[in-house]
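Morning, everyone. Please look at the sequence and the model on the screen, and we will walk through it together.

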Amino acid sequence: MNKIILSTFTFLLLIFNGTAAEANPKTEAIPQNQFPSLMERAFMRSLDETILDIMSNHGDNQLFEYGRIEKISGNDPYDVSLRVIGFEGAHNPPYKLIRMTIRIPGDKGANYSVLSYSHRLISDKEFDKLTEYATYD
């Protein structure tokens, strides 16, 4: 009887222990077909100056809007992949889709680093699709 209880307890411990390890993912993808959450909007706002600095360093001396976080990965430091839409003038075309991945240091560092950066012009149709869920609901 004790062997059965011990075997059952060991089996359950192994099952639940394995499940707990899987519940802590290393990468979190942010759904792009939903409006941004309050947390995403606040985090994007905290990155505004960093994003402008990175854009300027890559030759994109313009403003941006419609920022979205696409995914976050890591565990101190964190890699944040995001996109914004750059514009020149009074929020008019030509629009530029700008994607970047930023490594945000944790306790071990003080400055961010840019892991990737890309930009390209987008059509009005693509602009409409990318901005469908980029603002508040």
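Where does Pro77 lie? Pro77 sits in the loop between strand 2 and strand 3. Keep in mind that this model is predicted.

Stay with that loop for a moment. The peptide bond from Asp76 to Pro77 is cis, and its omega is near 15°. Asp76 lies in the loop between strand 2 and strand 3 too. Its phi is near 70°, a positive value in a residue other than glycine. Why mention these things? Most residues other than glycine have a negative phi, and most peptide bonds are trans.

There is another cis bond to find. Pro93 and Pro94 are joined by a cis peptide bond, with omega about 10°. Look for Pro94 in strand 4.

Now Tyr66. Tyr66 is in strand 2. Tyr66 is not a glycine, yet its phi is positive, about 55°. Is Tyr66 buried, exposed or partly exposed? Its relative accessibility is 23%, so Tyr66 counts as partly exposed.

On to the inside. The largest nonpolar core has 15 residues. Which of them touch the most other members? They are Ile51, Met55, Leu82, Val84 and Met100. Helix 3 (48-57), strand 2, strand 3 and strand 4 each give two or more residues to this core.

Pick out Val84. Leave aside its neighbours within four places in sequence. Val84 is then in contact with Met44, Ile51, Met55, Phe64, Glu65, Tyr66, Gly67, Lys96, Leu97 and Ile98.

Next, a polar side chain. Ser81 lies in strand 3. Ser81 has 10% relative accessibility, so it counts as buried. What does the side chain of Ser81 make a polar contact with? The partner is the side chain of Thr101, at 2.9 Å. Again, set aside neighbours within four places in sequence. Ser81 is then in contact with Ile69, Glu70, Lys71, Met100 and Thr101.

Turn to helix 4, residues 124-131. Which of its residues are buried? Phe127, Leu130 and Thr131 are. Seen down the axis of helix 4, these buried residues fall within an arc of 90°, so they line one face of the helix. Here is the background. An α-helix has 3.6 residues a turn, so residues three or four places apart point the same way. On the other side of helix 4, Lys125 and Lys129 are exposed.

What do the buried residues of helix 4 pack against? They pack against strand 2 (63-74), strand 3 (78-88), strand 4 (92-104) and strand 5 (113-122).

Last stop, the largest pocket. How much space lies in it? About 470 Å³. The lining has 22 residues. Closest to the centre of the pocket are Glu28, Ala29, Ile30, Met39 and Ile72. Strand 1 (27-29), helix 2 (38-46) and strand 2 each supply at least two residues of the lining. Which element gives the largest share? Strand 2 does, with five residues.

To finish, follow strand 2 through the model. Tyr66 is found in it. The buried residues of helix 4 pack against it. Strand 2 also gives the pocket lining its largest share.

Key:
Residues numbered from 1 in each chain as written. Predicted model: local features only at pLDDT ≥ 70, side-chain atom pairs only at ≥ 80, totals over all residues. Heavy atoms only, no water. Buried < 20%, exposed > 50% of the residue type's maximum accessible area, 1.4 Å probe, protein only. Helix = DSSP H or I, 4+ residues; strand = E, 2+ residues; numbered from the N terminus. Arc of directions from axis to C-beta. Contact = heavy atoms within 4.5 Å. Core = buried A, V, L, I, M, F, W, Y, C linked by side-chain atoms within 4.5 Å. Polar contact = N/O pair within 3.5 Å; in protein donor to acceptor, adjacent residues only side chain to side chain. 1 Å grid on protein atoms, 1.4 Å probe; cavity = no way out; pocket = protein on both sides within 12 Å on 5 of 7 lines; lining within 4 Å. Points joined across faces, edges and corners; volume = space filled by probe spheres on them.
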